[in-house]
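Good morning, everyone. Please take a look at the structure on the screen, and I will walk you through a few places in it.

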Amino acid sequence: MNEMELIAVARLAAENAYVPYSNFPVGAALECPDGKVFTGCNVENAAYGSTICAERTAMCKAVSEGYRKFKKIAIWGNCDDYCFPCGACRQFMSEFSYDMQVISANSKGEYHSRSLKELMPFAFNTENLK
Ligand code: THU
């Protein structure tokens, strides 16, 4: 999928967002090397810290189905600025594919695309544990 197609899937995924507290729906579309796409949305909780972001929803769906390598992720938020992944999501993604492309879109159909490595240099990784 090209960037705009993946963003369209992310935007659709945001329709299932459960956001009674922030009222800020986010959608993610995660593409694997074989072309399979996993979607995710943010799922909030009355205990705010238990909220899960759209990106991590998509990543957990993918990993739980046996996928561990990712090509790119599109993130869509209903905002003027690009919807960048939070720090926790960057760390979570870096565990699996530090080279993946991160496409952050806004509500106007514009996007910003960078590698995860550029968005999160010097990530803590499994090598640090040796
Ligand atoms: N959120 C995401 O889903 N992804 C991000 O990368 C940034 C934040 C969600 C979490 C919360 O439900 C809402 O946006 C407001 O922070």
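Let me start with a definition. A residue is called buried under 20% relative accessible area, exposed over 50%, and partly exposed in between, using a 1.4 Å probe and protein chains only. Next, the ground rules. This is a predicted model, where local features need pLDDT of at least 70, side-chain atom pairs count only at pLDDT 80 or more, and totals for chains, interfaces and linings use all residues. Residues are numbered from 1 along each chain as its sequence is written, and side-chain values use heavy atoms, with hydrogens and water left out.

Now the chain end. F122 is exposed, because its relative accessible area is 84%. F122 belongs to the segment after α4 (116-119). Helices here are DSSP runs of H or I with at least four residues, strands are runs of E with at least two, and both are numbered from the N terminus. F122 is not a glycine, yet its phi is positive, about 60°. Most residues other than glycine have a negative phi.

N23 is another such case. Its phi is near 55°, again positive in a residue other than glycine. N23 lies in the loop between α1 (3-13) and β1 (26-31). Is N23 buried or exposed? N23 counts as exposed, because its relative accessibility is 64%.

On to the ligand. Which residues surround the ligand? They are S22, F24, V26, N42, E44, T51, C53, A54, E55, F84, P85 and C86.

Now the polar contacts. A polar contact is a pair of N or O atoms within 3.5 Å; within protein, one must be able to donate a hydrogen and the other to accept it, and residues adjacent in sequence count only if both atoms are side-chain atoms. An N or O atom in the E44 side chain is 2.5 Å from a ligand oxygen. For E55, a polar side-chain atom lies 2.6 Å from an oxygen of the ligand. F84 uses its backbone: a polar atom there is 3.4 Å from a ligand oxygen. How much of the ligand does the protein bury? Alone, the ligand exposes 370 Å², and the protein buries 77% of that. Those areas come from the Shrake-Rupley method with a 1.4 Å probe; for residues, only the protein chains shown count as cover.

Next, two buried residues. N106 sits in the loop between β4 (101-105) and β5 (111-115). N106 is buried, because its relative accessible area is 2%. Its side chain reaches the backbone oxygen of D80 at 3.0 Å. A polar atom of that N106 side chain also lies 3.2 Å from the backbone nitrogen of G109. E31 is in strand β1. E31 is buried too, because its relative accessible area is 2%. The E31 side chain reaches the backbone nitrogen of M1 at 3.2 Å.

Last stop, Y98. Y98 is in the loop between α3 (87-94) and β4. Y98 is partly exposed, because its relative accessible area is 23%. Y98 and M120 are 22 residues apart in sequence, and their C-alpha atoms are 8.9 Å apart in space.

How values were computed
A residue is near a molecule or strand if one of its heavy atoms lies within 4 Å of it.
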